[in-house]
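Here is a short briefing to read alongside the model.

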Amino acid sequence: MFYPRISQSAFSSYNYCPRLFYLKYIQRIKPPQTQSQTRGSIIHNVIKNFLKNPSKREDLLREYNLLTKDNGNLEKSIVDIGYPLLTLWLKEMYKRGYFSAKILSLEESFERWYKEGFVLVGTPDVVFDMGNEIHIIDWKTQRGVPSEEKIIDNFQFRCYANITDWGKDVVFVAWYFRYNRIYTFFSRCEDKTIFDRRLFELFNGMINGDFHKKTDCKPEECQLGGFCEG
Ligand code: SF4
């Protein structure tokens, strides 16, 4: 039997709006990358390399500088905010004890096979073993900071929490990089069975071709709002 591999981001898109999933994963529409998305992927890479091989603060900032230079068309304001943000990031990491915690995974992919006929695939940014619990962290560099309610109900993290048996309580940590601040939100994950039921519902919708539009759609808040017609 063929089991399609479905990423957590595909499930998250379908969960947000079935039509968005259709545009992204079936029509394969890709809007051009914005400056802040480019900055976001640079920050992700710099942090990943730093955690792989912890070095000096100066090295972290130097690498950011080199990568932004390689992207010669980045606006100066985008380049400049990297330094204060990464410095804040370092302070937060020390303050919250992550530098003394064990890294279980750094952008590694996990998968879980569901007997209902699909494989859930996901790649958390970083997973720390904090001793009595597991922290799954995602660096959020591109969008605004959502309400706490939305963070707690975050579908992406529930995918990560359920993708494997982590062996301990899982805490989901959303780490937002904004212009001159870093916001950190913590939330705990619910019972696996409730989440699994939600995934089956979404999978059934996908294979039955249900690509309806979100009822409370706000195109200005949607990444493909400009491509969604009809
Ligand atoms: S604009 Fe609205 S209906 Fe269209 S894909 Fe985005 S959220 Fe869905």
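Is α8 largely enclosed by the rest of the structure, or largely open? Since 6 of the 8 residues of α8 are buried, this helix is largely enclosed by the rest of the structure. Here a residue is buried if 20 or more other C-beta atoms, placed from the backbone, lie within 10 Å of its own, exposed if 12 or fewer do, and partly exposed in between. Please bear in mind that this is a predicted model: local features need pLDDT of at least 70, side-chain atom pairs count only at pLDDT 80 or more, and totals for chains, interfaces and linings use all residues. Residues are numbered from 1 along each chain as its sequence is written. Helices (H or I, at least four residues) and strands (E, at least two) are DSSP runs, numbered from the N terminus.

**Helix α8 and its cover**

- The buried residues of α8 are Phe157, Arg158, Cys159, Tyr160, Ala161 and Asn162.
- Their cover includes the helices α1 and α9 (192-207), along with the strands β4 (118-122), β6 (133-140) and β7 (169-177).

**Packing of α1 on α8**

- Two packed helices are described by the angle between their axes and the distance between the axes.
- For α1 (residues 8-16) and α8 (residues 155-162), the axes come within 9 Å and cross at roughly 140 degrees; axes are lines fitted to C-alpha atoms, for helices over the stretch in contact, and angles run from 0 to 180 degrees between N-to-C directions.
- The two helices are therefore oblique to each other, given that angles under 35 degrees count as roughly parallel, over 145 as roughly antiparallel, 65 to 115 as roughly perpendicular and the rest as oblique.
- On the α1 side, Gln8, Phe11, Ser12 and Asn15 meet Phe155, Gln156, Cys159 and Tyr160 of α8, where contact means C-beta atoms, placed from the backbone, within 7 Å.
- By class, this contact of α1 with α8 has 4 nonpolar, 4 polar and no charged residues; Ala, Val, Leu, Ile, Met, Phe, Trp, Tyr, Cys and Pro count as nonpolar, Asp, Glu, Lys and Arg as charged, and the others, Gly among them, as polar.

**Packing of α1 on α2**

- Helix α1 also packs against α2, with axes 5 Å apart and an angle of about 140 degrees.
- That angle makes α1 oblique to α2.
- Ala10, Ser13, Tyr14 and Tyr16 of α1 meet Pro18, Leu20, Phe21, Lys24 and Tyr25 of α2.
- The contact of α1 with α2 divides into 7 nonpolar, 1 polar and 1 charged residues.

**Around the ligand**

- The residues surrounding the ligand include Cys17, Arg19, Leu20, Leu23, Lys213, Lys214, Cys217 and Cys228, each with its C-beta atom, placed from the backbone, within 6 Å of it.
- By class, the shell around the ligand has 8 nonpolar, 1 polar and 3 charged residues.

**Backbone and single residues**

- Most residues other than glycine have a negative phi, and most peptide bonds are trans.
- Arg28, not a glycine, has a positive phi of about 55 degrees and is found in the loop between α2 (18-26) and α3 (35-52).
- Arg28 counts as exposed because it has 7 C-beta neighbours inside 10 Å.
- Glu107 likewise is not a glycine and has a positive phi of about 50 degrees; its place is in the loop between β2 (102-106) and β3 (110-114).
- With 15 C-beta neighbours inside 10 Å, Glu107 counts as partly exposed.
- Lys48 lies in helix α3 and, leaving aside neighbours within four places in sequence, is in contact with Leu106 and Glu107.

How values were computed:
Contact = placed C-beta atoms within 7 Å.
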